[in-house]
Amino acid sequence: MERKWRKISGLIGLLLLNFMNNVSSLSLTITKVECVYEIVRSEGDIVSGNFVVVDHHIFWSSDHPGIDFSITSPGGDILHNLKGTSGDKFSFKAPRSGLYQFCFHNPLSTPETIALYIHIGHIPNEHNLAKNEHVDPINVKIAELREALEAVTTEQKYLKARDAVHRRTNESTKKRVIGYTVGEYILLTIASVLQVVYIRRLFSKSVGYNRI
């Protein structure tokens, strides 16, 4: 029994190590075109992730064209293509092993900062079990559990990134409102002072005419 638990613990440790090696979390500054490359080692692996343009709520106007995003397979096929977006999630089953390309295109000259998260998940199938005697059904179940947890983690990271963007937007909006309010008070004070000066001059001229 103890040997069995040691085996299970070892498998969990190896899977967690493999999980850490198949996760990429990056911050990119896009001026024109920027691409990230990830190697998928097995056909059928699940590639998932998300991206968010960090400051789009603050600096983008209503006519901003947005960011273009595409995923290209090793064979050159477009697997995922988005136009004019500020962020999104993606998930697909790799049609083949090889180098996958994740590209961003910024149509404007203003640099944009993007938070990108990519995960490549692998679940052994029956073919793997037949080839490798060291891979048993426990390994498969642990891998399935790991991928289910990863789906939850990916969603949490996406929501956290979105929340951070909204928080910065709220802080920026709050500062702008305070700035506008202070500016209005200053303008009202200046207008009041000018009115007082203007009225005093009118009265002084009126007194002068009366004396003549």
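Predicted model: local features only at pLDDT ≥ 70, side-chain atom pairs only at ≥ 80, totals over all residues.
1. Aromatic pairs. The structure holds six of them. One is F90 with F102. Their ring centres are 5.8 Å apart, with 40° between the planes, and the pair is tilted.

2. What the F90–F102 pair joins. F90 sits in strand β6 (residues 87-93). F102 sits in strand β7 (residues 98-105).

3. Burial of F90 and F102. F90 has 4% relative accessibility. Buried means under 20%, so F90 counts as buried. F102 is buried too, with a relative accessible area of 1%.

4. F92 and Y100. The ring centres of F92 and Y100 are 6.0 Å apart. Their planes meet at 40°, so this pair is tilted. Both F92 and Y100 are buried.

5. The cluster. F90 and F102 belong to one aromatic cluster.

6. L82. This residue is found in strand β5 (residues 78-85). With neighbours within four places in sequence left aside, L82 is in contact with F51, I67, D68, F69 and D88. L82 and F69 are 13 residues apart along the chain. Their C-alpha atoms are separated by 5.1 Å.

How values were computed: Residues numbered from 1 in each chain as written. Heavy atoms only, no water. Helix = DSSP H or I, 4+ residues; strand = E, 2+ residues; numbered from the N terminus. Contact = heavy atoms within 4.5 Å. Phe/Tyr/Trp six-rings, centres within 6.5 Å; stacked < 30°, edge-to-face > 60°. Buried < 20%, exposed > 50% of the residue type's maximum accessible area, 1.4 Å probe, protein only.
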